[in-house]
Amino acid sequence: AGGVPNGSTGAKSTHRRRRRRKTRPARKSPRITCGTVAVVGLAALVFAAFVLVWLTKTAVVLRDSAGGVAMGGNDGRDGNGADTAAAAAAGGVRGGADQAQGLGPAEPPRALRRRQKAVPKVSQSGIRAATTNQVVEALMRLAQMSSAELRQLLEPPNGGADSNADDPFHLPQLREGQCPWSGDTVLQWLPQRPSLQPSEWFRNRGDKSSDRPTVAVYYEHLSKAGGTSFCKVATANMPRKEVPRYYCMPSEPGMADARIGSWTREKIRKYFKDKPHRLVSNEWEPFNHDFLELQATSETDLAGKNKDGPYLMFLTSIRNPINRLLSAYKFWGHLNNPAK
């Protein structure tokens, strides 16, 4: 009705639209050259070789795993636990009592290979850790020796690289990366590796959603060996109500330092049940060996089923003996000399 603007006709406008349209050239199919074929063929060959190598390694791992299970089962029946663990680890079986006896399920090949690479090869020497009582007795024997006896025991003979045959540590060989022990040996000074479960309970002690056993830190303060610094770190990182005020040592009426080292197990249990403290320190009393019974060691303890706690985690700090002696002399001989 209004016509075409600018006086142009509909046919002319249609012609312009047609002229604007340009015909797109048809896409050409890619040319396959001899070089392309060679590259693709080479890639397929490399992939086939990789698959073949992977299948071969898988077969070897499965064969070794079966051999390790068989060895673990035989050793488990013979009752040789140390050789069982070594044979099971060499055969690629997961660690643990069940797997060492050949009772555990086989791992997938890929997970098994990762574990074999992560775990160092275990020798058949049968080296084992000692019990806590054995470690305490061994260290007490060394502590009661004179300096001349210790020097004769620990220093290499004639200044050589070989250690004394009676040396319990054999540090010269260990520094050279050699294992000085052979056969079924129990290292009297080597303690068992503690479980990490109590430390996890201690870190998450503020979580009220789960019923965890009570865990507290027992710090054995060796005089002039960093105990005050340790207490300051604990005060800065723990809630104030959990740390005793007097150098982390529990107090009693009329006693700023209640000498917790002289307490009984029953008294220390009652203390942690009645007080919110989760850290105690002992400096002036000898270490009470009975407190070692308050660790979480049994399967029932570690499963959190034993609510008779609290459980104790033991910590200490040590210092170079010469520096510790100089610090003690400065502290008692000058700063706090009773003769002044």
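Tutor: Leaving aside neighbours within four places in sequence, Leu-279 is in contact with Val-217, Tyr-219, Phe-230, Ala-234, Met-238, Glu-242, Val-243, Pro-244, Cys-248 and Phe-272. The model is predicted, and these contacts are computed from heavy atoms within 4.5 Å. Leu-279 belongs to the largest nonpolar core, a set of 14 residues. Together with Phe-202, Val-215 and Met-238, Leu-279 touches the most other members of that core.

Four elements each supply at least two residues of the core: helix H9 (197-203), strand S3 (215-220), helix H10 (227-237) and strand S5 (311-316). Strand S3 gives the most, with three residues. In soluble globular proteins, nonpolar side chains tend to be buried together.

Some of these elements also turn up at the largest pocket, which holds about 1,800 Å³ of space. H9, S3 and S5 each give two or more residues to its lining, as do helix H6 (132-143) and helix H12 (299-302). H6 gives the most, with seven residues. The lining has 42 residues, and Thr-132, Val-136, Phe-287, Leu-292 and Phe-314 lie nearest the centre of the pocket. By type, the lining residues divide into 24 nonpolar, twelve polar and six charged.

Technical notes
Residues are numbered from 1 along each chain as its sequence is written. This is a predicted model: local features need pLDDT of at least 70, side-chain atom pairs count only at pLDDT 80 or more; totals for chains, interfaces and linings use all residues. Side-chain values use heavy atoms; hydrogens and water are left out. A nonpolar core is a set of buried Ala, Val, Leu, Ile, Met, Phe, Trp, Tyr and Cys residues joined through side-chain atoms within 4.5 Å. Buried means under 20% relative accessible area, exposed over 50%, partly exposed in between (1.4 Å probe, protein chains only). On a 1 Å grid over the protein atoms alone, a cavity is a set of points where a 1.4 Å probe fits but cannot get out, and a pocket is an open set with protein on both sides within 12 Å along at least five of seven lines; lining residues have an atom within 4 Å of a point. Grid points are joined across faces, edges and corners, and a volume is the space filled by probe spheres set on the points. Ala, Val, Leu, Ile, Met, Phe, Trp, Tyr, Cys and Pro count as nonpolar, Asp, Glu, Lys and Arg as charged, and the others, Gly among them, as polar.
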